[in-house]
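Visitor: I would like to learn how to read a fold from its coordinates. Could you walk me through one?

Guide: Gladly; let us look at it together.

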Amino acid sequence: IDKTLDEISDYYIGMIHLSGGEPCLCEDKILYLANQIVDRKMKVIGLGMITNGTIKSEKIKMALSILAEYFDKIKKDSWYNEATKKLLDNEKEFKNINIEVSTTWHEKVQIDEVIKFYQLPYQNCWIRPKDERGNMLIVGRMEQGYKKFPSKFLEGALLKKRGNKYN
């Protein structure tokens, strides 16, 4: 963690994404990461995590609270406004913390319990069920390439197009 944070500390970081395996198995590392982001005053504007929802961890909840408070505090910094303009398509819909709980293997009651457990009293957090339809971000040459996928694979997928220099 320290080596990676040392390497990225001079940059604006849009989102740090935690996924798996199951990230909640690494509760000590996630808490350490949160504390390091704050202690180093890193120019990070968000954290995302996809979890299978089988683990409710007080340490992860504490890490999310630490980051939520940090993200609220840094919104007043000039670099934050500059970074959000460069990194985000829609600042008004943006939440600094995005936790998605997979709906693939679990009952709705269990998912609701996990979402309730991780819900924080901050406006900058989003804890929600993960949309299992799948998302595809269509960027650059992918605009022609995605049509090669079988239609059954694309059925129900949310296709998003975003322009860039390759279009």
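Visitor: In which sense do strand 2 and strand 3 pair, and over how many bridges?

Guide: Before the answer, please keep in mind that this is a predicted model. Strand 2 and strand 3 (residues 97–101) run in the parallel sense, and five bridges join them. Within that pairing, Leu47 stands opposite Ile97 of strand 3.

Visitor: Over how many bridges do strand 1 and strand 2 pair?

Guide: Three bridges, again with strand 1 and strand 2 in the parallel sense. Here Ile16 has Leu47 of strand 2 as its bridge partner.

Visitor: What do strand 1, helix 2 and strand 2 make?

Guide: Together, strand 1, helix 2 (residues 27–39) and strand 2 make a β-α-β unit, and the unit is right-handed.

Visitor: Why is strand 2 described as largely enclosed?

Guide: Count its buried residues: four of the five in strand 2 (residues 47–51) are buried, so the rest of the structure largely encloses it.

Visitor: How should I read the nonpolar core?

Guide: The general idea is that nonpolar side chains in soluble globular proteins tend to be buried together. In this model the largest nonpolar core has 40 residues, and those with the most contacts inside it are Ile16, Ile37, Leu64, Ile97 and Tyr118. The elements that give two or more residues to this core include strand 1, helix 2, helix 5 (108–118) and strand 4 (125–129).

Visitor: Which element gives the largest share of this core?

Guide: That is helix 3, which supplies eight residues.

Visitor: Let us turn to the aromatic rings. How do I describe a pair?

Guide: Two quantities describe a pair of aromatic rings: the distance of the centres and the angle of the planes. This structure holds four aromatic pairs. In one of them, Tyr12 and Trp79 have ring centres 6.1 Å apart and planes at 15°, so they are stacked. This pair links distant parts of the chain, 67 residues apart: Tyr12 lies in the loop between helix 1 (2–8) and strand 1 (16–18), and Trp79 in helix 4 (residues 78–87).

Visitor: Why is the pair of Trp79 and Tyr80 called edge-to-face?

Guide: The planes of Trp79 and Tyr80 stand at 70°, with the centres 6.0 Å apart, so this pair is edge-to-face. Tyr12, Trp79 and Tyr80 form one aromatic cluster.

Visitor: Which of these residues are buried or partly exposed?

Guide: Tyr12 is partly exposed, with a relative accessibility of 28%. Trp79 is buried at 11%, and Tyr80 is buried at 6%.

Visitor: Where do charged side chains sit over rings?

Guide: Lys61 lies over the face of Phe117, 4.7 Å from the ring centre. Arg128 has its charged end over the ring of Trp126, at 3.8 Å from the centre.

Visitor: And the cysteines: how many disulfides does the structure hold?

Guide: A disulfide is a covalent bond between the sulfur atoms of two cysteines. The structure holds zero disulfides. For Cys26, the nearest cysteine sulfur is that of Cys24, 9.0 Å away. Cys26 is partly exposed, at 34% relative accessible area, whereas Cys125 is buried at 7% relative accessibility.

Notes: Residues numbered from 1 in each chain as written. Predicted model: local features only at pLDDT ≥ 70, side-chain atom pairs only at ≥ 80, totals over all residues. Heavy atoms only, no water. Phe/Tyr/Trp six-rings, centres within 6.5 Å; stacked < 30°, edge-to-face > 60°. Buried < 20%, exposed > 50% of the residue type's maximum accessible area, 1.4 Å probe, protein only. Lys NZ or Arg CZ within 6 Å of the ring centre and 35° of its normal. Disulfide = S-S within 2.5 Å. Pairing = 2+ DSSP bridges. Right-handed = clockwise from strand over helix to strand, strands pointing away. Core = buried A, V, L, I, M, F, W, Y, C linked by side-chain atoms within 4.5 Å.
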